[in-house]
Each structure stands twice: as structure tokens, then as C-alpha cells.
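Here is a short report for a reader new to this model. Please look over the sequence and the 3D view before reading on.

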Amino acid sequence: MDGSQWADQEFGGAQLGGQRLSERLVESARLLGAMPGRAFCGVAQEIGLPSRDTTA
């Protein structure tokens, strides 16, 4: 089973209050599955997601 299949199987049925949020969860899991061993922040940086400044 590849990362995409794993993400669909594990999180595809999640109901987070909206379709967009549920799809976002599955996509996040797919990215993590494609880059095992990487922290989420590292995966997010690699695909170009903006970082959140938590120092303010």
C-alpha cells in the first residue's frame, strides 16, 4: 500500500465539519506518507506551504 492509498484508507472517512477540511486532512496525510521520516513542518516547507509565525 502506498502513501496515497494509506491516507485514503485511514482518513478518507473523517468528518471534520466540512468537505474542504476532510480533503485537506487526507492531502496532508498523503504528503506525509510520500515523505516518511520527515516532520510535517519539513514536508510543508518542501511543497511551499506558507509558515505561520507563532512568535507574535
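## Basis of the model

This is a predicted model, in which local features need pLDDT of at least 70, side-chain atom pairs count only at pLDDT 80 or more, and totals for chains, interfaces and linings use all residues. Residues are numbered from 1 along each chain as its sequence is written, and side-chain values use heavy atoms, with hydrogens and water left out.

## Overall layout

The protein has 3 helices and 0 strands. Its pattern along the sequence reads α-α-α. Helices (H or I, at least four residues) and strands (E, at least two) are DSSP runs, numbered from the N terminus.

Of the 56 residues in the protein, 18% are buried. Buried means under 20% relative accessible area, exposed means over 50%, and partly exposed lies in between (1.4 Å probe, protein chains only). Contact means heavy atoms within 4.5 Å. Take the contacts between residues at least 6 apart in sequence: 10% of them join residues at least 24 apart.

## Helix α1 against helix α2

Two packed helices are described by the angle between their axes and the distance between the axes. Axes are lines fitted to C-alpha atoms, for helices over the stretch in contact, and angles run from 0 to 180 degrees between N-to-C directions. Helix α1 covers residues 3–11 and helix α2 covers residues 19–34. Their axes come within 8 Å and cross at roughly 145°. The crossing of α1 past α2 is right-handed. A crossing is left-handed if the near helix is turned anticlockwise from the far one by less than a right angle, and right-handed if clockwise.

Which residues in α1 and α2 meet? From α1 come Gly3, Ser4, Trp6, Ala7, Asp8 and Phe11. From α2 come Leu25, Val26, Ala29, Arg30 and Gly33. By class, this contact of α1 with α2 has 6 nonpolar, 3 polar and 2 charged residues. Ala, Val, Leu, Ile, Met, Phe, Trp, Tyr, Cys and Pro count as nonpolar; Asp, Glu, Lys and Arg count as charged; the others, Gly among them, count as polar.

## Helix α2 against helix α3

Helix α3 spans residues 40–47. It packs with α2 at an angle of about 95°, and the axes are 10 Å apart. The two helices, α2 and α3, are therefore roughly perpendicular to each other. Angles under 35 degrees count as roughly parallel, over 145 as roughly antiparallel, 65 to 115 as roughly perpendicular and the rest as oblique.

Here Ser28, Leu31 and Leu32 in α2 meet Phe40, Val43 and Ile47 in α3. The residues of this contact of α2 with α3 divide into 5 nonpolar, 1 polar and no charged.

## Inside α3

Gly42, Val43 and Ala44 are buried in α3. What covers the buried residues of α3 includes α2.

Val43 belongs to helix α3. Is Val43 buried or exposed? Val43 has a relative accessible area of 0%, so it is buried. Not counting residues up to four places away in sequence, Val43 touches Leu31, Leu32, Met35 and Arg38. Val43 and Leu31 are 12 residues apart in sequence, yet 6.9 Å apart in space, C-alpha to C-alpha.

## Trp6 and the aromatic pair

Rings of Phe, Tyr and Trp (its six-membered ring) pair if their centres lie within 6.5 Å; planes under 30 degrees apart count as stacked, over 60 as edge-to-face and the rest as tilted. By this rule there is 1 aromatic pair. Trp6 and Phe11 form an edge-to-face aromatic pair, 5.6 Å centre to centre, with 85° between the planes.

Trp6 sits in helix α1. At 34% relative accessibility, Trp6 is partly exposed. Phe11 is also partly exposed, at 27%. Leaving aside neighbours within four places in sequence, Trp6 is in contact with Met1, Phe11 and Ala29.

Gln5 lies in helix α1. Its relative accessible area is 46%, so Gln5 is partly exposed. Gln5 and Val26 are 21 residues apart in sequence and 10.0 Å apart in space, C-alpha to C-alpha.

Gly13 is in the loop between α1 and α2. At 65% relative accessibility, Gly13 counts as exposed. Gly13 and Glu23 are 10 residues apart along the chain, and their C-alpha atoms are separated by 9.7 Å.
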